Amino acid sequence: MVAHVPAPGGFEVPLWRAVAVFRVASLAYVCVVVARDADRYAHPLAAGALVLAMAGWTVATAVGYAAPARRGWPLLLADLGVVVAILLVTPWVMGREALAAGLPTLAVAWLSGPVLAWAVSGGRRRGTAAALVLGGTDLATRGMVTPTALNGAILMLLAGVVVGHVARLAVRAEERLQHAVELEAATRERERLARDIHDSVLQVLALVQRRGARLDGEAGELARLAGEQEAALRALISAAGPLAAGVPAERSASGTDPARTGVSGLTLGLRELVFRAGPVRSDGVEAPVDLRELLGRYASATVSLSAPASVVPLPPAVARELAAATGAALDNVARHGGERAWILVEDEGATVTVSIRDEGPGFAPDRLAEAAAQGRLGVAQAIQGRLTDLGGTATISSTPGAGTEVELTVPRRNP
């Protein structure tokens, strides 16, 4: 399972789009105001040219701010400078009589565009700075401070503060989300590696330790070192990520003891490598895998397999992980002295269930918790971890003296 990491700046994109929409809407309002009051301006044609310049700059900023690489100081300063220049020429275009009569300036609400852009790019401080510059320039060009003009400057200042605060909250939320997604991906990768190590390296170390414990000399010393390394590796894996309750799986998937049959623990690693290869369709996608074929490798004189007569197709990754979890359950059967085991496959349409039952000694309810505290990963990672990654469930039922039943259920995901 691959965790998706959000692209940097993704939370700011809607804010920049909102700024562009505001500029267009405020420009439309400017056109309405100019059309209404043009006959009262000192230079009506200049007012029309100024509106065209504002329209061009609206398009330029919409394109410029759309690219994160261009949202730097050059564009921000240019944006502020253009609006300041428009405010400075407004008295000449409108005339002092029009301003004294209380007519709105040419820029009207459009002059707030840079304030919003600065607030989104740098937070409250930038938004406040831009609002003070533009508000002061607007009041200075009017030649008088009217209640309407003062209210407009205060509202622009508040907009810069509020939008800047919201923008910073969005950036922090994005950073936390990205960190959480990366942490989840790292945790999943550690759990996957822990399962692979458990199915191969730990098996070999356990085998060497058990066989060499009966020998003397260098062989006995090697067994002691192998036991120490196994314990250290288990502790390292258990400290690398959260663990559920677990018991070790230290026998081969066929239900026999490697120490008695001579089958190396490396067969478990080879088993994993075999499971990772699957048929490929002409379009390059792995074809569905018949779960019965994978589980059929576990059938033996001591392991009985019951499956539907028809194929049980599953996506390759799901089938391989489900088969590996079944193998880990059979390993535990051999590990804890079970003589026989039964595998039952049930295709229920939306889900597929594999049940593993044995006639072993069973275990007490608190045995799994004790194993987890000791760093044993047989159930925690090799079984429950796999099923969790597949979106399925692993149910383990056991009673001392009455055997154990493991039920693995996964949802079917059609490729």
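**View 1. Seven salt bridges turn up in a search of the whole structure.** A salt bridge here is a side-chain nitrogen of Lys or Arg within 4 Å of a carboxyl oxygen of Asp or Glu. This is a predicted model: local features need pLDDT of at least 70, side-chain atom pairs count only at pLDDT 80 or more, and totals for chains, interfaces and linings use all residues. Residues are numbered from 1 along each chain as its sequence is written, and side-chain values use heavy atoms, with hydrogens and water left out.

**View 2. E12 forms a salt bridge with R168.** The closest N and O atoms are 3.5 Å apart. E12 sits in the segment before helix 1 (13-37) and R168 in helix 7, so the pair ties together parts 156 residues apart in sequence. Helices (H or I, at least four residues) and strands (E, at least two) are DSSP runs, numbered from the N terminus. E12 is buried, at 14% relative accessibility. Buried means under 20% relative accessible area, exposed over 50%, and partly exposed in between (1.4 Å probe, protein chains only).

**View 3. R23 and D79 meet in a salt bridge.** The N to O distance is 2.3 Å. R23 belongs to helix 1 and D79 to helix 3 (residues 73-94), so the pair ties together parts 56 residues apart in sequence. R23 and D79 are both buried.

**View 4. E321 and R386 join their side chains in a salt bridge.** Here N to O is 3.4 Å. E321 lies in helix 13 (residues 316-335) and R386 in helix 15 (residues 380-389), so the pair ties together parts 65 residues apart in sequence. E321 is partly exposed, at 22% relative accessible area. R386 is buried, at 1%.

**View 5. Strand 6 (residues 393-398) and strand 7 (residues 404-411) run antiparallel.** Six bridges join them. Two strands pair if DSSP finds at least two bridges between them. T395 has E407 in strand 7 as its bridge partner. Five residues lie between the strands of this hairpin, and G401 takes a positive phi near 85°.

**View 6. V108 has a positive phi of about 45°, although it is not a glycine.** V108 is in the loop between helix 4 (96-100) and helix 5 (113-122). V108 is buried, with a relative accessible area of 18%.
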